Amino acid sequence: MDAAQTRRSSFRVRRRSFGRALKRTFLRPQMVAFLPALVLGGYWFGGQGVLMIIALTFPMLLVLGGLFDQDPAPVDGLTGLLTREALAEEGDDALLAFRSGQEAAIVIVLEVDNGADLAKKLGPAGMETVLCRTADRLASMTRRSDRLARLGECRFGLLLTQVRNAGMDVALRTVERLQGAVSEPISIDAGSVYVTLSAGVCLEQRAPARTGDGMIAGATTALEEARVLGHGAIRAYSSEMQMRKDHRKNLAEDLSRALETGEVLPWFQPQVCARTGRVAGMEALCRWHHSESGVILPSDFLPVAEAAGLLEKIGETMLFHGLSALRRWERSGLVVQTVGINFSTAELRNPKLVEKVRWELDRFDLAPERLAVEILETVVADTEDDTITHNIAGLAQLGCTIDLDDFGVGAASIANIRRFAVSRIKIDRSFVTRVDADPAQRKMVDALLSMAEKLDLATLAEGVETVSEQTLLTELGCHFFQGYAIARPMPLDAAEDWLRERASRLNAFGDVKSLSA
C-alpha cells in the first residue's frame, strides 16, 4: 500500500470513528433536552448571526461524521453477532480512542475444533444449534465494552478494549475462561455434543498493522498455527509467525507450479522378500526437486500441500508416475511385482477414486494386483467416513493389494483390519529400530507378527537399517523388508540401475545374505 492509499484509508477510518462518536454523543435521549437550550443560547448571546452559524455548522458536522448514513452495524443472520467487517470497524475505533498509556486492545479469534466433522455428523439444524449455543456462551463471558463477532462458519472473533496491562497473561486467562464457558455439553436430539475451541491471540502492540483489520488478521494467523497443535491449543501472533506464513504461502505457490512442470516425482525404495532376497515391490515416495532449493522432503512440503488443497493433485502425480515406472520396468525385463502408492485422506474422500484408479490401470495395461494401495493405520482406526470406507472396499474388490502403513501406532482393531480387506501390514519403524538389541522391542514385534500370522496377513518391516535387524526379523517370521539395509529411495533411473545390479548379483550368487547392501 502506497502513501496516498494509506492516507485515504486513514481518513476513512477517522471519518467513520468521528461519525460513530457523534452518534453515541448526540443520539442519546438526554441530549435531546439540550438542543432547545443550545439554539436559545446562541440567539440570546449572539443574536441572529450566531443562531445562523449554529443552524449551518451543527448539521454540517453531522453530515461529515456520517450521522445520516444508513449504515447500521451489520450482524450475522444466525447468531446475531457482529460480522467481520463490523468488528474491524470497532477495532479501528478502539485504536483511535483516547486511552491512558496502560490501556490497549486485544483481539482473540476462536474456532470450533473439527467443525466440518461436526457439521457432517449433526446435519445443518444440529450444527446451527451448536453455533448458536456457543455464541451465547461466549457472549455471556464478555464485558459491555467488548465486541463479539462471527467471522466464519465455525469461527468467532472477540475484541477486548480498554484493557489495562494488556499482556499475554491477560489474554490467556480470557481464552481459558472462554474455553471453559463452552466446555459444558450441548444437548441435541437426546444426545450430548462437546465443543472445544482453538484460539489465536493478537496484542495491539504486536499487530501486523495498527488497524482493526490488522489485529484480526494477526489473531487469525496465530489461530492457524494453533490448529496444527491439536484441539484447544492457543497461540499468540508474532512477526516470526507472519514470516512463516508468508514462507508457506510462497512454498504453496511454488508447489502448485512444480506439479505442473514435473518437479514433483516419485523416488522408489525397494521391498524385498525375506526368504528369497528377490525384489517384491517398490514403494513410490514423493520428492520435490525444487529449482533453487534442491530436493525437498515430504515432511517439509506435505503440510503446505494439505493446507493448499494440493494433496489430490500430488496423489494423481504419484499414481501416474508409479504405474508408468512399473510398465517401464516390465518392458525392460526387470521383475517388480507391485508398486506401492500412498493414498491420502483427501484422495480417499473422492467418490470417483475407484473409477480413476481403474482407468489408470487400464491406461497402462496393468492388472489391479500390481498396485499396492498404502493407507495409514490412523485412517483405518479413526475413520467414520462412509466414502473412505466405500473407496477402500472398492479398491480391494477391484483387486488391488491393501497395505496398512505404519502399523502399531494407530490402534486399528482386528475388526477394522477385516472390514477394510487389508492384505498386508507394514510394521512401523519405531518397533523395528534396535529390535536386535532391545528385548522389549523384540517381544512387541514378535506379538505383531504372531497376530498377523493368525489373521493370514503378510508382513513388511519398515525402516530396517542393519543386517542384524534383518536377520532377526527373518527368524521371527517377517515376510518382507524395506529400509536402508536394502536401499535408500532412488530416482527412477537410479532405481532401474539398482534393479539390474540386484538381479545380476542374485543370478550370480543365489545367496540372500550376499545381497545385503
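Select V357 to begin: at 0% relative accessibility, this residue counts as buried. The model on screen is a predicted one. V357 sits in helix 12, which covers residues 353-363. Show what surrounds V357: leaving out residues up to four places away in sequence, it touches L319, F343, L371, L395, L398 and C400. Then draw a distance from V357 to F320, which is 37 residues away along the chain; their C-alpha atoms are separated by 9.6 Å.

**Helix 7**

Next, select residues 212-229, which form helix 7. This helix has 18 residues, and its first and last C-alpha atoms are 26 Å apart, close to the 26 Å expected at 1.5 Å a residue. Colour its buried residues, among them G212, G214, M215, I216, T220, L223 and A226. What do the buried residues of helix 7 pack against? Their partners are helix 4 (84-96), strand 1 (103-112), strand 3 (155-164), strand 6 (197-203), strand 7 (234-236) and helix 8. Step past the end of helix 7 to G230, where phi is positive, near 120 degrees.

**Helices 8 and 9**

Now show helix 8 (residues 239-261) together with helix 9 (residues 298-307). Their axes come within 9 Å and cross at roughly 90 degrees. That angle makes helix 8 roughly perpendicular to helix 9. To see the contact, show side chains for R248, L251, A252 and L255 on helix 8, and for D300, F301, V304 and A305 on helix 9.

**N114**

Go to the loop between strand 1 and helix 5 (115-139), and pick N114. N114 is partly exposed, with a relative accessible area of 43%. Most residues other than glycine have a negative phi. N114 is not a glycine, yet its phi is positive, about 55 degrees.

**Helix 17**

Select residues 439-454 for helix 17. Its 16 residues should span 22 Å at 1.5 Å a residue, and the end C-alpha atoms are 23 Å apart, which agrees. Highlight Q441, V445, L448, L449 and A452, which are buried in this helix. They cover an arc of only 95 degrees around the axis, so they lie on the same side of helix 17.

Which elements do the buried residues of helix 17 pack against? Show strand 13 (401-407), strand 14 (424-427), helix 16 (429-432), strand 15 (458-461) and helix 18 (467-476).

Now look at the two ends of helix 17. D438 caps the N-terminal end, with a side-chain oxygen 2.9 Å from the backbone nitrogen of A440. Just after the helix comes D456, with a positive phi of about 60 degrees. D456 belongs to the loop between helix 17 and strand 15, and it is not a glycine either. Is D456 buried or exposed? At 69% relative accessibility, D456 counts as exposed.

**T459**

The last stop is T459, in strand 15. T459 is buried, with a relative accessible area of 1%. Leaving aside neighbours within four places in sequence, T459 is in contact with R424, I425, L449, A452, G477, C478, H479 and F480. L449 and A452, in that list of contacts, are among the buried residues of helix 17.

Terms used: Residues numbered from 1 in each chain as written. Predicted model: local features only at pLDDT ≥ 70, side-chain atom pairs only at ≥ 80, totals over all residues. Heavy atoms only, no water. Helix = DSSP H or I, 4+ residues; strand = E, 2+ residues; numbered from the N terminus. Expected span 1.5 Å × (residues − 1). Buried < 20%, exposed > 50% of the residue type's maximum accessible area, 1.4 Å probe, protein only. Arc of directions from axis to C-beta. Contact = heavy atoms within 4.5 Å. Polar contact = N/O pair within 3.5 Å; in protein donor to acceptor, adjacent residues only side chain to side chain. Axes fitted to C-alpha atoms, helices over the stretch in contact; angles between N-to-C directions. Parallel < 35°, antiparallel > 145°, perpendicular 65-115°, else oblique.
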